[in-house]
Protein chains: 2
Amino acid sequence: MGIQKTLKAIGDPTRREILDLLKSGEKTAGEIGQNFEATGATISHHLSVLKNAGLILDEKKGKYIYYELNMTVFEEILSWVTAFTGGNKDE
Amino acid sequence: MGIQKTLKAIGDPTRREILDLLKSGEKTAGEIGQNFEATGATISHHLSVLKNAGLILDEKKGKYIYYELNMTVFEEILSWVTAFTGGNKDE
DNA sequence: ATAACATTTAGACAATTATCTAAATATTTC
DNA sequence: GAAATATTTAGATAATTGTCTAAATGTTAT
């Protein structure tokens, strides 16, 4: 997937807030959107960027789409950072 | 300084390459620039963004300006990531 | 002092991005 | 099947960003 998209994705404050919300468990697009003043379309766009960056996963359940964090990709970010701080992770 | 500037700064590939170059020790703006096709002005701009984000420090030595990594801020990024991965940042 | 060198700053431009409104798609309920 | 609900997609626009050239600043050497 590449670290570029991922690091770019977390550079936006709205998207980081979405990630923070998902810390407490999966949520629908609507539930996420309720925490912001932006329109649903805008939140949908951010969700799309996060998904495309691998940071979140989506699962369709009937009328709703549930989003949740994808820990795997957070580990990749961790690897990138620890390559600087010295604490050695894979690669 | 705030994590926003920092995460935004590492979202650009040229800037990440600059950070990678500095892993092996401090370098002048000119030395850094030699690794890219971009003009000196462009590299200078990226150095300015990185410095403003706290990721690098600069020290003027006569005719040259030396840049080096600022580990402190990398630790901040690490904290942000580990808040997701559940890893304990206090140990 | 003047020239040469190292780097930044200023101003301009094109590409990218965040946001909006309106329309489209998909699912459930009546 | 039509209406209601949840979410995305399309198209437009304004703000941000990466890059360039040209000019400015600061330093060293002649």
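Thr6(B) is found in helix H1 (residues 3-9) of chain B; helices (H or I, at least four residues) and strands (E, at least two) are DSSP runs, numbered from the N terminus. The model is predicted: local features need pLDDT of at least 70, side-chain atom pairs count only at pLDDT 80 or more, and totals for chains, interfaces and linings use all residues. Residues are numbered from 1 along each chain as its sequence is written, chains are lettered from A and ligands numbered from 1 in the order in which they are written, and side-chain values use heavy atoms, with hydrogens and water left out.

With a relative accessible area of 1%, Thr6(B) is buried (buried means under 20% relative accessible area, exposed over 50%, partly exposed in between, with a 1.4 Å probe and protein chains only). Its side chain reaches the backbone oxygen of Ala53(B) at 3.1 Å. Not counting residues up to four places away in sequence, Thr6(B) touches Ala53(B), Leu55(B), Val73(B) and Ile77(B) (contact means heavy atoms within 4.5 Å).

## A buried lysine in chain B

Lys27(B) lies in strand S1 (residues 27-28) of chain B. Lys27(B) is buried but has no salt bridge, that is, a side-chain nitrogen of Lys or Arg within 4 Å of a carboxyl oxygen of Asp or Glu. The nearest side chain of opposite charge belongs to Glu31(B), 6.1 Å away (Lys and Arg count as positive and Asp and Glu as negative; His and the chain ends are not counted).

The side chain of Lys27(B) does reach the backbone oxygen of Leu21(B), at 3.3 Å. Leaving out residues up to four places away in sequence, Lys27(B) touches Leu21(B), Leu22(B), Ile32(B), Ile65(B), Tyr66(B) and Tyr67(B).

## Chain A

Chain A has five helices and three strands, in the order α-α-β-α-α-β-β-α along the sequence. Its C-alpha trace spans about 45 × 25 × 20 Å along the principal axes. Of its 91 residues, 41% count as buried.

In helix H2 (residues 13-22) of chain A, the buried residues are Arg15(A), Arg16(A), Ile18(A), Leu19(A), Leu21(A) and Leu22(A). At the start of H2(A), a side-chain oxygen of Asp12(A) reaches to within 3.0 Å of the backbone nitrogen of Thr14(A).

## Salt bridges

Over all chains there are six salt bridges. One of them pairs Lys61(A) with Glu26(A), the closest N and O atoms being 3.3 Å apart. Lys61(A) is in strand S2 (residues 56-61) of chain A and Glu26(A) in the loop between H2 and strand S1 (27-28) of chain A, so the pair ties together parts that are 35 residues apart in sequence. Lys61(A) is partly exposed, at 37% relative accessible area, and Glu26(A) is partly exposed at 34%.

In chain B, Asp58(B) forms a salt bridge with Lys51(B), with the closest N and O atoms 2.9 Å apart.

## DNA strand C

DNA strand C is surrounded by 22 residues, the closest being Thr42(A), His46(A), Gly30(B), Ser44(B) and Tyr67(B) (a residue is near a strand if one of its heavy atoms lies within 4 Å of it). Of the atoms of DNA strand C that come within 4 Å of the protein, sugar and phosphate account for 80%.

Phosphate oxygens of DNA strand C lie 2.5 Å from a side-chain N or O atom of Thr42(A), 2.2 Å from a polar side-chain atom of His46(A) and 2.6 Å from a backbone N or O atom of Gly30(B). The largest share of the surface near DNA strand C, four residues, comes from H4(A).

Notes: Polar contact = N/O pair within 3.5 Å; in protein donor to acceptor, adjacent residues only side chain to side chain.
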